[in-house]
Amino acid sequence: MGGSAEGLFVAEIVLLLLVGRGLGEIFQRYGQPAIMGQLIGGILLGPSLFGWVWPDAQHLIFSSDPAQKSMIYAISQLGILLLLLLTGMETDLRLVRRVGAACFSISITGVVVPFMCGFALAQFLPDSLLPDPTQRVVAGLFLGTALSISSVKIVAMVVREMNFMRRNLGQVIISSAIIEDTIGWLIIAVTFGIATNGSLQVLPLITTVAEVALFMVFSFTIGRRLVFTLIRWSNDTFRSEYAVITVILIIMGVMALITNLIGVHTVLGAFVAGILVGESPILSDHIESQLRGVITALFMPVFFGMAGLSADLTVLANPTLALLTLALVVIASVGKFGGAFLGGRLAGMSLKEATAVGSAMNARGSTEVIVASIGLSMNILSHNLFTMIVTMAVITTLAMPPMLRWALGRLPVGNAEKQRVDRELLDERGFVSRLERLLLLVDDSPVGKFTAYLAGLVGGGSGMPTTLLHLQDGKLAGQVGDKGPERASREVKKGAARSAKAVSKAEDTLVDKVHLTARTELEASAETIAAEARKGYGLLLVGLENTLTDKGTFSGVLKDISSGFDGPLCLVLNGHKANGKVPVLRAGTTILVPVNGTEVARRAADFALALARPHQARVKVLYVSQAKGSRPGSVSHRREEAVLKDVADLADRYGVAIDTAIRTRATPDKAIAREVAKGAAMVVMGVTQRPGEELFFGDTATAVLAAVACPVVLLASERVKRVDASAEETAAEISA
């Protein structure tokens, strides 16, 4: 019998995945949310179709045996927590802070109006639709919540599809949905407490609200720091696979248990845990995508499929229930659209903008299904009322995308908004803006301190986590009394403070200080750098003394270090003619950036602009033309001007003044040396590592290092792994 139960459990999972994902794919191809396909897939597998056409088979697979149901039910309940975790991770509170007061007006009216409609409707429902007619207040709270919350996922999907994610109105819509979602889960938490007490009692209600408030305050103060620390510690300490995901799941479980202990539903803990995890500065895209992958692939189809299985659309053959369902859809749509529309108008929006907001907020989707499932599991909602709510969620969700596409299509874009959108599109292509974590290797030389300062300038603007490795005499300093790491740390923090101040002034936003960790116990070899690099870094910055030999080649130490890191590499080097001193960056300092139209050179320009912004230094962009016959009006000249304009647009985004120049009749290294002689304080070059045993970035970079008397920053944003001799010999034999 045990084997049979296990077989039925696997069959249930397979059917839910097969039908749910299949219908979800079809729905998505026609511009509808995939989760609606999963929900409808569950409806079709339930008594609405499968149980109606072939009841024996349906009852065999989806057995009513309590032990059998508990197996799939447990997966479904875990799916609720994981869905709320994922929803929280996708909740961008910074976007809410940036948009302003309009979204709060929309959220308040968009929640209050439909909530009152749903609560009032519950008071007039027939007794047959309520498991306990004496619990109308609690049922009204559930129904009001189900009618008032918008689905952030579905709203974001359509807004993103319409390329409105960066538009002012698009950000207001997303922010309003985020606030509504948060308010909704707080209401559910309080409602759960009321339902647990059995009736609306003033003292338990006040206690529940106070406990929820304390939980939220703790979560966003001490809890935030604890979550950040745990994620970073697990990422840097554990060597086993997916350790960070395990820690995230533990965090979710602990916070869900805390909310359960204070008498509210576990979904609030999972949702808040998701918000904190999503704001962690160390959470990389690949970790987030791995977690999203297992939730989307397994738990979402199972949960929404199970929700659909609980709905029986055959009951709508009853004219009374059908009319009540129609009334529920109308009340839900009018209440939600009207509330959001009213909030938009109160916020000063035009008629077209308020219409678009009202259309967007009318998507229920996953949120209402979760709320209704909780109500059903608590015996607050009957199966018939649950079916009515699910039907309402399906109809309003399927109607929203075409309504919102129509409403957004009528909204023109103003000049100021277009400029902002264009600037943010440039950010998407930016090199520095996509960095998540820096690894810094320096010694106590002037160039080492200068490199530490530059790292602070790069990472400080976004509070980027930075790990500092201080090198002394071939080993990382750890001797008693050594002040090297402390001095280097001060340089990083000084640069970070300068960068954060510049960003805050330029963009009117608050930036956290750089998250700095100083490491002193490792050796600087390929193996130790590789061991550190596995923790996930977007860039390795190296600033060491005596890294160039008399022949102009790189030292063995630098070659060894660079071979242990496969990602982008930034080398800060003093030119051969430098006297060991490094410049002081200040207003008026010039940073020279040679470009040639490649993406590698563009990333170097982006890096230079990030260094220049904190001090309002100037950047000179130099294009050395190698094209024969390049003259004003020619095809090659127009291409060169287009390259310079692209960098100028990027500089405008950073708020940095730049000069541009095109030079002909000179080799690149000589043209760069002449510009340096005119007063450039440093050179930032985009280079590509050449394959082979030696660390080599091309003849131009070598010649520039030999010719200039200032620091040269070589940014190798595309790396090539070294090829060992045996591999080269094998390749030669094959080619022969």
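1. Asp 236 belongs to helix H11 (residues 202-237), while Arg 437 sits in the loop between helix H19 (415-429) and strand E1 (438-442), so the pair ties together parts that are 201 residues apart in sequence. Asp 236 is buried, with 15% relative accessibility, and Arg 437 is buried too, at 2%. Please keep in mind as you read that this is a predicted model.

2. How many salt bridges does the structure hold? There are 14. Another of them joins Arg 29 to Glu 25, with the closest N and O atoms 3.1 Å apart. These two residues are four apart in helix H1 (residues 2-29), so about one helical turn separates them. Is Arg 29 buried or exposed? Its relative accessibility is 66%, so Arg 29 counts as exposed. Glu 25 has a relative accessible area of 39% and is partly exposed.

3. Next, have a look at Lys 678 and Glu 675, whose side chains meet in a salt bridge of 3.4 Å, N to O.

4. Turning to the surface, you will find a nonpolar patch made of Leu 44, Leu 49, Trp 52, Val 53 and Trp 54. Together these residues have about 570 Å² of accessible area. Where in the chain is Leu 49? Leu 49 lies in the loop that runs between helix H2 (34-45) and helix H3 (50-53). With 36% relative accessibility, Leu 49 is partly exposed. Patch residues need over 30% relative accessible area, and Leu 49, at 36%, therefore passes that cut-off.

5. Strand E11 (residues 711-718) is worth a visit. Why can it be called largely enclosed by the rest of the structure? Because seven of its eight residues are buried. One of its pairings is with strand E6 (residues 569-574): the two run antiparallel and are joined by six bridges. Within this pairing, Cys 570 stands opposite Leu 715 of E11.

6. E11 also pairs with strand E10 (residues 682-688), here in the parallel sense and over five bridges. Met 685 has Leu 714 in E11 as its bridge partner. To get from E10 to E11, the chain passes through helix H27 (residues 699-707), making a right-handed β-α-β crossover.

7. Now follow E6 to its pairing with strand E5. Five of the six residues of E6 are buried, so this strand is largely enclosed by the rest of the structure. Strand E5 (residues 539-543) runs parallel to E6, and three bridges join the two. Leu 540 stands opposite Leu 569 in E6. A right-handed β-α-β unit is made by E5, helix H23 (residues 556-563) and E6.

8. Asn 379 has a phi near 65 degrees, which is a positive value in a residue other than glycine. Asn 379 is found in the loop between helix H17 (366-377) and helix H18 (383-409). With a relative accessible area of 52%, Asn 379 is exposed.

9. What is the phi of Gln 616 near? The angle is near 55 degrees, again positive in a residue other than glycine. Gln 616 lies between helix H24 (599-612) and strand E8 (618-624), in the loop there. Its relative accessible area is 46%, and Gln 616 is partly exposed.

Note on methods. Residues numbered from 1 in each chain as written. Predicted model: local features only at pLDDT ≥ 70, side-chain atom pairs only at ≥ 80, totals over all residues. Heavy atoms only, no water. Salt bridge = Lys/Arg side-chain N within 4 Å of Asp/Glu carboxyl O. Buried < 20%, exposed > 50% of the residue type's maximum accessible area, 1.4 Å probe, protein only. Patch = residues over 30% accessible without salt bridge, like charges linked within 9 Å, V, L, I, M, F, W, Y side chains within 5 Å. Areas by Shrake-Rupley, 256 points an atom, 1.4 Å probe, with all protein chains shown as cover. Pairing = 2+ DSSP bridges. Right-handed = clockwise from strand over helix to strand, strands pointing away.
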